[in-house]
Amino acid sequence: MTSHERWPDLQGIAYGGDYTPEQWSRETWREDVALMRDAGVNLVSVGIFAWALIETAEGEFDFAWLDDVIDLLHENGISVDLGTPTASPPAWFFAQHPESRVQTADGTILGFGARGMASPSSPAYRAAIVRIATALAERYGDHPAVVLWHVHNEYGVPVGEDYSPQSVQAFRDWLREKYGTLEALNAAWGTAFWGQHYTAWEHIGAPAAAPSVVNPAQRLDFARFTDHQLRQCFIAERDAIRAHASQPITTNFMANQSWTTDLWAWGREVDIVSDDHYLWAADTEGEIGLAMAADLTRSVGGGAPWILMEHSTSAVNWQPRNIAKRPGEMARNSLTHLGRGADAILFFQWRASRSGAEKFHSAMLPHAGTGSRVWREVVDLGAALGRLCEVRGSRVAADVAVLWDFESFWAQDLEWRPSVDVTHKERIRAYYEQLWRDGVTVDFALPGQDLSGYKLVVAPAQYLLRVADAENLNRYVENGGTLLVSFFSAVVDENDAVHIGGFGAPLEPALGLRVEEFLPLREGESSRVSWDGRELTADAWQEDLVLTTAQAVAAHVDGPSAGAPAITRNAHGRGVGWYVSTRLDAAGLADVFTAVYADAGIERAAQPAGLEVVTRHGADADYVVAVNHADEPATLVARGVDLVSGAASDEGFEIAAGAVAVIRTTHQ
Ligand code: GAL
């Protein structure tokens, strides 16, 4: 049940953040470590952007300051997550290797002076990252303070794709490896269309700016290639570190906030999954997106405990309007991540920077100092986490899987789709949100993986579906599973080519239908759906369905499909396949899920509105993590002890408005 073989050598829940001593005097370092102790900080990430100060010229290293920082932290009982600084190569590197700069699709060459990746395909960059990773691992591989390696920073952000000549050359090599022959490439890319047939590998380029829409299969392969190149950079650093150091190695993901990297593949390469999460100010229910990110992070790590590498104590500084967190919000955010599997709660960053682009970003120690509300909450959170040591290693279990497939998202995001109103982000959020409101805990999953452990599989946006993966879903239903599929799914194969047999054809066994034609609505137009005398509201999309074995459950009242089926249910083998062919609003989706839960045998937990509850299962006890997002107190029915407040009850706990509780209870 618990798996901490690769967990950093640390006691309890890890607490801390990114630490940038290179921006401060030695006197401030001493104040920092004293305050870290006051706050209960036991882990800080060091060196992430310090390449220029560690390797001052090619092959010349200055470790003196870093030695002193790491020793000082160690003397004060604070462990180190040591960064490799490869997300910000020094000025001298770009001066020596100007060809390593990233080129955008329109030919712009990105300059120095910010931060960000060099070309992941640049041989000079690859050599340089191995050199610095090796030097750091040789020096600190045995240092008792260093318990974790933090490779790079957020691969793919702020740029991932590179259209430089070096990248084009590497893309051709990657394509040769993938396809073997030009004939196979021409077939996969459908180059007979618009006369794009290739007769020489050297004629193939990256999908740079062109007069019209670039071949979508080429673009999809370029997305795969980009992900691959970035991952090779990670692997090169990881292996360089492993040669000299035995601590676990991670790199920080951006779960549902970055789309360049296929996190399922990355999850297999890291020792521990870690994630950065920031609230979107424009999202007034950011806690739902936060929960989704946490569930996705846990899922790409195979359910093992993970590290929240960064979140913010209050406002960020890079959105149009940076909304400060209100009292209690930081703890609610942190505890939500913990409830969904995080055993480390870290922030960007320890001390707010005085200079540079991020000076208006919040920190554990804000510009206002220790007299501030944020600081007091940081100290309180550290104390609360100190009381949660025993939660460490426990796991979250889910009966429901939501499909999340980066490849499908890359394909769906390309141009010239039937309607700009149909996006995977919007539908996944809508379906996840309903599950969240119903208090149903979910994992995310790939369509091709073993799904037999789930009572329900939800596919809100599976535009690209390989035939073999569709067969997996059909078998899942045949063997008793319940599958819920939303519109514009199973449309194309892995080359973005429409499935033989038409839209939805590979899922016909499970769903008992095919889609004859897409019928998008005009902007702002809404439509109605009639279901058992109730009327649901929809918009954006209808489809002309041909039912083979499915039963119509609800019909369109108006719009291009008036009178025709809108929602269907198909009994297949021992299971059921549901299909929703229009964009229902939240109330409509709530009705769909009620019916689907009944088929799947899922019972909703009856919690008060706004009380988010997730259970972590440990070897000796369960931990019910409750976060009250409402303005009213809420009662959680549970028997046990609240590890946050120390209160015990045989009946239930009143959780104050905006408060959090972690109830240790006997196994449920
Ligand atoms: C993250 C990044 C940090 C910092 C932070 C600000 O994406 O990893 O270095 O820039 O954003 O929110």
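Analyst: Happy to; contact here means heavy atoms within 4.5 Å. This is a predicted model, in which local features need pLDDT of at least 70 and side-chain atom pairs count only at pLDDT 80 or more, while totals for chains, interfaces and linings use all residues. Residues are numbered from 1 along each chain as its sequence is written, and side-chain values use heavy atoms, with hydrogens and water left out.

Let's start with Asn333, which sits in helix α11, residues 329-339 (helices are DSSP runs of H or I with at least four residues, strands are runs of E with at least two, both numbered from the N terminus). Leaving aside residues up to four places away in sequence, Asn333 touches Leu279, Leu290, His311 and Lys325. Its relative accessibility is 4%, so Asn333 counts as buried (under 20% relative accessible area; exposed is over 50% and partly exposed lies in between, with a 1.4 Å probe and protein chains only). Among the buried residues of α11 are Met330, Arg332, Leu335, His337 and Leu338. After α11 comes Gly341, which has a positive phi near 115 degrees.

Now for the salt bridges, where a side-chain nitrogen of Lys or Arg is within 4 Å of a carboxyl oxygen of Asp or Glu. The count comes to 39. One of them pairs Arg298 with Asp443, with the closest N and O atoms 2.9 Å apart. Arg298 belongs to helix α10 (286-300) and Asp443 to strand β14 (442-445), so this pair ties together parts that are 145 residues apart in sequence. Both Arg298 and Asp443 are buried.

Asp399 and Lys455 form another salt bridge, the closest N and O atoms being 3.7 Å apart. Asp399 lies in the loop between β12 (395-396) and β13 (400-403), and Lys455 in the loop between β14 and β15 (456-459), so parts 56 residues apart in sequence are tied together here. Asp399 is partly exposed at 37% relative accessible area, and Lys455 is partly exposed at 35%.

A further pair is Asp496 with Arg417, whose closest N and O atoms are 3.0 Å apart. Asp496 is buried, with a relative accessible area of 12%. Finally, Lys178, Asp221, Arg224, Glu407 and Arg466 are linked in a network of salt bridges.
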